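Please look at the sequence and the structure together before reading on, and keep both in view while you go through the sections of this report.

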Amino acid sequence: MRMVQNNSTGPVPVQLQVPSGHLVQQVVDENGTVRHFLFSPPMPMPVGPHYSPSHASTAPIAQYYPYPTPTYGPPHFQPQPPSHMQPALSPPTIPGILPHPASQCNGESPQDLDASPPPSQIYLTQKDESYQRSTYKFRRKLDSRSRDKLTMLPNQSNSFISRKDKKIYGYDDPYRISGSSASGSNASEDEEATWMLSEYLSNLRPPMVTELSPYSVMVSWKPPDVPVSDLDPATCATLQQSEIMYEVMLCEKGKEGRFKSVYSGMDHHCNITSLKPSTEYYVCVQASVDDIRGSSAKGLTFKTQSVEPEAPQPPRLCARTKNSLTLKWGSSCDSPTSKITYILEYDEGYSRNSFAPIYTGPLKQYKVAKLSPATGYRFRLAAMNDKGKSAYSETCCYFTSGNVPSQPSPPVLKQAYINRLHLEWEKRTFDDDFNLQIEDESMRHGFLTAYSGRDNHFVCSGLRGNTEYKFRLMASNEEGSSPWSKTVTYCTLPDKLSCPGKPIPKGRIHASCFRVTWEPPKDCKHSSITKYILEVDRGFGFEAVYTCVDTEFFLENLLPGTTYKLRVACISAAGHSPYSDVNSITTAAVSPGKCALPKLQSKPEASFVCLDWAHPEHDGGSAVAEYEVDMTSPDNVTLQVYKGPETSCIVNDLLPGRPYLFQVRAYNRVGAGPFSDPLEVVSGAGPPDAPRNLCATCNSPFSCCLSWEEPMNNGAAITNYQLQWSTEDDDESFSELYEGLGTKYTAQGLMPATSYYFRVRASNEAGQGPYSNTVSSTTPASVPGVISGLNAQALSNVICLSWSEPPSNGSNILSYNVELDDILYNTEENIPEISIEDLNPETVYRVRVQAINAIGEGPFSEAVEVETMKSPPPPPELECVATGHNFLRLKWSGAKRDCLFYTVEMSNKSKSFVPVYHGPGLSCKINRLQENTSYNFRICASNESGQGPYSTVYTFQTSRAPPPSLKAPKVLNVTDSSCQVEWTGAKQLPGNFCTYQLQMTANSTDSLIVYQGADTKCTIDNLEPNTHYVLRIAAVRHCDEGDLTGNFSPSTALTTRQAEVTPPTQVATPQTVSHIDRRTMNDRHFAALLVFVFQVISFLFAMFLEHILSLSGAT
């Protein structure tokens, strides 16, 4: 039987009670699920690829076989011989198998080795063809050996079958046991093959350790040895060629059973890093092929080398008194076996760089005694072992407790403002907190606390200008508070002056100097100005250039054509005034300076050179607008070859091998600067000249003969001619026609009556020469070409044809022939379109067209078949199904199809029809109409054949608009028997008048109309005392067609007052000033009556149906 345990926790072993003589096995599959297999005594227990990840020791109980107790090293997989070879069935010990790691040697820190091994993962290795062939031969030998020794049935599977084959033949579960004899044979055969491979994988020798260092080690091992048995050499070779995966497990001493996989792969060595110094480790190796594992080899114990400890962390302060400090620090070594001695040093309270040791020992805490009160001491810590001494930790400073602070110095004024004072004071060693108090004698409230905290400065804000304030200071710490300091007095500043006038130029502005002046502040009559501050911004921020009492200044040493920003401020007894508005002044510009010597961009060519130059040293205060380049030719003629804003140019039209001189100068808005020094350039060898006497002769409409003469080669032999042609006299449209050394060529495949343009150029080693003069030649004319782009649009009885005009081939097209079936139509003019009428609907016609010119008729175009459409649909009948005062809803008959559309048009004030609806629907609603107005409509239908005829004109009229709803009435002067009601009247419509109906309901009884008339107020009498009434008002419009009553307004509730006790009198009905009209039934009553009648009818109908069903059931 198989029991599966699925839960959210990790796989753990479970203790089970099993019958006597039975076996239980707990394994974890590849999904991390714990499976329990119970085996009866007659059945042999197979050894599968699964294993348990747990290594915990469990005490055995009755009929339960636990996992083995872990030793110092990983538990080993003990391969068992096949069941048919075992002498008797005994309770087996099922060991745990080391899990597969998820990656190669990862170099993780040994601190992670405390974690439990990860869940099982099965490696699926890819095998090459040679290995598959060797495995197949090994399987065949195992099958043959099993048949010879055990006389088993043929074609049985073994453990080397792939997982896909096991699923096909029903061997998906490796622990599945069947009761038939054939299945028992298969299980024995699988066990034998598994046992043989496991025995081979278990013959691993212990690993070897090399390159041992404090933090890493190199582990190596050898492949398994072939077991000594009666296996033939082919089987041994197959075993040795298996792709063996090796897994290296590492465990730290003191953590027995907590193994960590540090490598998994096919190599025979691995480098383990991130180890702890001076630590003992245990390492072992295990081999596996697919899902078959051998037992791990005997492990090896090694110990890493020792190193000097690392620098420890600074000591921490645990407690302090006036004469002692208690310090504590942490361990500086990861190895628990290392013996560490700590050295604690301090500076003896002198705040110097020399330290003296005060403690040396293994403890991690020390109390420093005999210290001075309120004194700071600096400490540092170092660690030492048998390998040496570590570096010192960072220096830390701690203070002992002190005495009560003495009287502090009074606060000092750092900066005074108009409405605040910035104070600061000395912070001594024993001072922790400060208390600053302020007193304003004019307020007579004494000293008040202005600041309390640890800072040694404070800004007292919210003060009055030009006022004296008194201050005193007190310091405190943990021991107590000091006496108050001496009282000091400070005064705030008076208010500031306004800013002076904006600085403006005085006199002429020169290129390097100008004079500026400014007006004093307007409010400086009662305050003497100490000095003015003039600041200039030269592009790097404002800086002061003048500080005096005069109101003008002469600026010198300025740059020409430069904009300067100026501002001015003044200083008086009130302080520094705001700066004036900024004024920008630009100095006069001059002509630019001399340009540098121009340079060549590249090697000089035969006909041009490329020059570039730099900007002048200074632009004279005005941006350089353009540059001028002059060239002096060999015959001493100077010409201007460039003038523009760029700093480079190309000088063309040079002669090859000639010397030239070039100079450049700059221009700005003032004028031109001096020329630069001349640059001498010699042009190089040039390409040949353009070929001469190019001639083109057309012998036929389809060919042309070309010839030309050899040009001057300019010092290099001509190597090639390039002939180009085009149908347009445009340089960009030319394409290559011929390339070679010949001076004659015949162009073929030309078009009739077409002008062709030809040009030719020569090439040599220096490059390609210029093109010759372009010559043109026109081929003779011929008949028109074939018509293309024939388009046809068909209606029910008309076909409209259009086409693209074909090539005329030199002779204008006179007309076109259109052949429709056997009938020939002529356009009589050069019009590329025609409409053929009086055709039959739904008929296919064959059409083709040809062009005619003075030379003859051209060829026909390709035939096109055109089918005429159906006739357009007739208009439907239009009717009005709903009418309102501002809308009409129209409807018409017809079929609702996607290809059928309807258009409804309405006449406007100009008696013309405009469309109001277009779509496939059968109804539409026209809104925004006027009341009691007649409108004319017509309709038509359309489909893919076109639009049908319009219907006759229909006339429909809108109805009258009801009066608008009114606001809720207002109730005034409520007594025990009467009240006064008012409301807002409705807007009177032209040509009609409105009256009002007032409805009253008493205690949810029937409603009464208590007033009808044109007034907007009324008085209701004869009401009952202490009674609840509800009032509503509605407007009534009086028209020729009848009265239209609007909706009632929202309700207004009222309750009459309590009446005084009087002799009984006859109760009178409520009366109003106007006549009362009582209605027997309103709309609400009528709706309630309809609902009641419907319910009664439904109840009777249900009773009748129930009676019929009961009779039919009895029958």
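## The model and its confidence

This is a predicted model, in which local features need a pLDDT of at least 70 and side-chain atom pairs count only at pLDDT 80 or more, while totals for chains, interfaces and linings use all residues. Residues are numbered from 1 along each chain as its sequence is written, and side-chain values use heavy atoms, with hydrogens and water left out.

The pLDDT, which is the predictor's confidence in each residue on a scale from 0 to 100, averages 78 over the protein, and 77% of the residues score at least 70. Over residues 42–128 the pLDDT stays under 50, and for this stretch the model has 221 contacts beyond four places in sequence, where a contact means heavy atoms within 4.5 Å. Residues 1064–1080 also have a pLDDT below 50, with 30 contacts in the model beyond near neighbours in sequence.

## Two nonpolar cores

A nonpolar core is a set of buried Ala, Val, Leu, Ile, Met, Phe, Trp, Tyr and Cys residues joined through side-chain atoms within 4.5 Å; buried means under 20% relative accessible area, exposed over 50%, and partly exposed in between, with a 1.4 Å probe and protein chains only. The largest such core has 25 residues, of which L201, W221, V248, L250 and I272 touch the most other members. At least two residues each come from α3 (181–201), β5 (217–220), β6 (245–252), β7 (260–265), β8 (269–272) and β9 (280–289), and the largest share, five residues, is supplied by β9. Helices (H or I, at least four residues) and strands (E, at least two) are DSSP runs, numbered from the N terminus.

Leaving aside neighbours within four places in sequence, W221 is in contact with residues including P207, Y246, V248, Y263 and V285. Another core, of 20 residues, lies apart from the largest one, and L966, W983, Y996 and Y1011 are among its members.

## Strands that pair

Strands of a sheet pair through backbone hydrogen bonds, either parallel or antiparallel; here two strands count as paired if DSSP finds at least two bridges between them. Strand β30 (residues 529–537) pairs with β33 (residues 563–572) in the antiparallel sense over eight bridges, with S572 in β33 as the bridge partner of I529. Six bridges also join β30 to β31 (residues 542–548), again antiparallel, and here E535 has A544 in β31 as its bridge partner. The hairpin of β30 and β31 has four residues between the strands, and in it G539 takes a positive phi near 110°.

Five bridges join β58 to β59 (residues 888–892), and E879 stands opposite K891 in β59.

## Two single residues

S772 is placed in the loop between β49 (767–768) and β50 (775–778), and it counts as buried because its relative accessibility is 7%. Not counting residues up to four places away in sequence, S772 touches A690, P691, L694, R759 and V760.

C698 lies in strand β43 (residues 692–700). The C-alpha atoms of C698 and Y756 are separated by 9.9 Å, although these residues are 58 residues apart along the chain.

## An annotated span

According to the unreviewed UniProt entry, residues 1086–1105 carry the annotation "transmembrane region"; UniProt positions are given in the numbering used here, feature names are shortened, and annotations may be inferred rather than shown by experiment. In the model, this span of residues 1086–1105 is 100% helix and 0% strand, and its end C-alpha atoms lie 29 Å apart.
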